[in-house]
Amino acid sequence: MFMPMRSIAPILSFALLALLGGCNSSSSENNAQNGNADPNPGTDPNTDPSTDPTAPAAAEVSLSFDAIKTLRIDWTDVEGATHYILLENPDGQSGFSPLGDPIAQGTETLALEIPTFSRFDAEYILQSCNEVGCVDASTLTIDDGLNDLIGYMKPSDVHQGSNFGDAVSLSADGSTMAVGAANARAFIDGSGDKVGTVYVFTKTGPGQWTEQQRLQASNPGNNDTFGAALSLSADGNTLAVGAKNEDSDADGIGGDETNNDAANAGAAYVFTRADGVWSNPTYIKANNSDSNDKFGESVELNDAGTVLAIGAPGEQSNDGIINGEQNNEVNNAGAVYVFNRDGDTWQQQDYIKASDATGDEFFGRAISLDSEGTTLAVAAQLEDSGETGVNGDPLVGGANKSGAAYVFVHDGANWTQQAFIKASNTEEQDLFGDSISISGDGDTLAVGTIREDSAVTGIDGDQSNNEAPSAGAVYVFTRTDADWAQQAYLKASNTDAGDSFGSAVSLSHTGDVLVVGAVNEASTAVGIKGNEFDNTNPAGAAYVFRRTGQAWTQHAYLKATNTDSGDSFGNAVTLSGDGETLAIAARTEGGNATGTQASAEEQADNSRNNRGVVYLY
């Protein structure tokens with residue numbers, strides 16, 4: 001996406017590659033590469049040369065870094081040009097193709113927004129054109145300046161210990177972002193109880209972001225952890241927020257939120273936005289609210305914002321039937337509640353349990369919905385079956401706290417369990433399901449396993465060794481018709497013990513892009529394309545994987561712009577629906593800056609422990 005600009009001063013100009021000479025050769029070469037007809041076939045030999053029009057000269061072009069995720073391309077209009085065309089080679093290998101519509105003469109400046117996590121080898125060429133043909137300017141490359149495009153997002157208030165970045169969610173087009181800070185104080189000056197706050201940011205122009213509103217619960221309470229879980233609808237106008245430690249014993253929708261008679265029962269809140277203003281929330285409780293249920297530890301909206309799934313991993317029924325008996329026979333079995341919205345009214349639709357519901361499995365700690373809200377993935381990190389693969393017997397013992405994932409589908413009337421999923425190398429204490437993400441189309445599932453111990457790197461390596469305790473892994477499963485199968489076993493390119501690879505996962509709508517967080521990865525690298533093998537600084541990292549056909553490859557290795565030990569970079573990751581924006585949180589980062597722009601010096605100021613930050617790529 002690019003937009004014309006006329007009055008923004010350049011920030012940093014880069015030396016360009018050698019200017020391509022000749023009026024015809026370069027544009028012909030590029031068009032041939034793109035499979036297009038030559039726009040400059042030559043002139044009629046019978047035409048008088050003195051009146052024959054010629055292709056314009058190459059423009060003099062410069063590249064600078066203007067704002068978050070935004071390149072600025074400047075040039076001086078060329079005499080005889082009628083328009084310009086910007087070409088992009090997105091990875092330096094695929095070849096050039098036109099980007100956007102032709103650019104009118106007199107524009108002279110473009111703001112080009114790019115997904116920095118997938119454009120680090122990109123090249124750009126501006127062509128000056130007229131009716132005769134197009135001529136290339138020099139090739140622009142981003143090189144080391146890419147890190148200057150990474151967004152560093154902070155709230156306007158400065159609260160030490162607020163953990164801004166506990167959770168993060170993006171709208172489909174990446175123009176709205178919600179960030180939870182579960183330990184934020186009640187008041188802007190940093191005073192009051194730790195009630196939790198959610199901050200909503202909106203994009204106001206290319207690379208320009210502003211804090212739109214600061215949201216709190218309608219019944220804020222100390223240590224309620226409001227904001228530890230959240231989810232935005234695709235249009236960004238509906239926001240669900242979890243508060244797993246909220247204490248009311250109310251049941252259902254809009255109940256009495258003023259009492260504190262059920263410690264840590266949990267609650268969820270749904271806010272809506274109209275004309276840029278967020279309204280007072282709908283207050284949602286389980287229909288069997290009880291102490292320590294942790295209802296709201298996970299929340300997920302479908303794209304339309306009409307289906308809401310809420311996890312309660314501490315719920316205590318041992319009935320493994322959907323909409324079955326809500327008894328309190330065991331601790332921490334877990335449940336998921338599904339709500340539907342009709343107009344402005346929410347109601348509980350279903351009460352979902354694992355088929356092998358039993359105590360201390362924490363079913364519902366992590367959940368994920370597809371775009372339609374008809375496929376639901378649920379993790380139970382401490383499930384203890386010794387089975388491997390898909391649809392084995394969940395009652396087979398032998399792998400205490402190995403973890404499992406469950407897939408449920410809705411047929412228009414009822415929810416049913418479609419799959420019971422285990423790792424291909426199930427082992428005790430692996431915590432398969434510490435994170436989970438299902439693609440928008442519902443056919444790809446990624447499951448993080450932060451305590452998996454293999455020391456291998458890359459894709460589909462040796463799963464059998466346990467030489468790197470708690471290195472972590474991610475497993476990818478795919479669905480064909482109604483059948484699930486494991487497609488890939490993913491490890492980091494720099495696997496190391498204790499990295500917790502898989503602490504967060506996020507899939508694109510098609511499932512072809514996967515982002516993985518590793519909160520304890522220890523490289524001292526900064527930004528994009530850094531040295532990932534210097535393991536002296538447990539700050540965290542994130543990895544981008546791409547699927548081509550059935551094959552997965554690691555595409556990018558990402559770090560913070562101010563890498564520092566203990567920042568927990570990668571504790572939350574999320575992709576926008578269009579795949580153009582990636583947000584990565586570091587909930588324990590200590591920077592003292594405020595707002596959406598910060599200098600390197602401000603980012604290096606670590607005077608606010610555990611304040612937190614979100615980075616945009």
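Tutor: Strand β17 (residues 238-243) is largely enclosed by the rest of the structure, because six of its six residues are buried. Buried means under 20% relative accessible area, exposed means over 50%, and partly exposed lies in between (1.4 Å probe, protein chains only). Strands (E, at least two residues) are DSSP runs, numbered from the N terminus.

The model is predicted: local features need pLDDT of at least 70, side-chain atom pairs count only at pLDDT 80 or more, and totals for chains, interfaces and linings use all residues. Residues are numbered from 1 along each chain as its sequence is written, and side-chain values use heavy atoms, with hydrogens and water left out.

Now the two faces. In a regular strand the side chains alternate between the two faces of the sheet. In β17, Thr 238, Ala 240 and Gly 242 point one way. Leu 239, Val 241 and Ala 243 point the other way. All of these residues are buried.

Next, the partners. Two strands pair if DSSP finds at least two bridges between them. Strand β16 (residues 229-232) runs antiparallel to β17, and four bridges join them. Here Ala 229 stands opposite Gly 242 of β17. The hairpin of β16 and β17 has five residues between the strands. Gly 236 in this hairpin takes a positive phi near 80 degrees.

β17 also pairs with strand β18 (residues 267-274). That pairing is antiparallel too, over six bridges.
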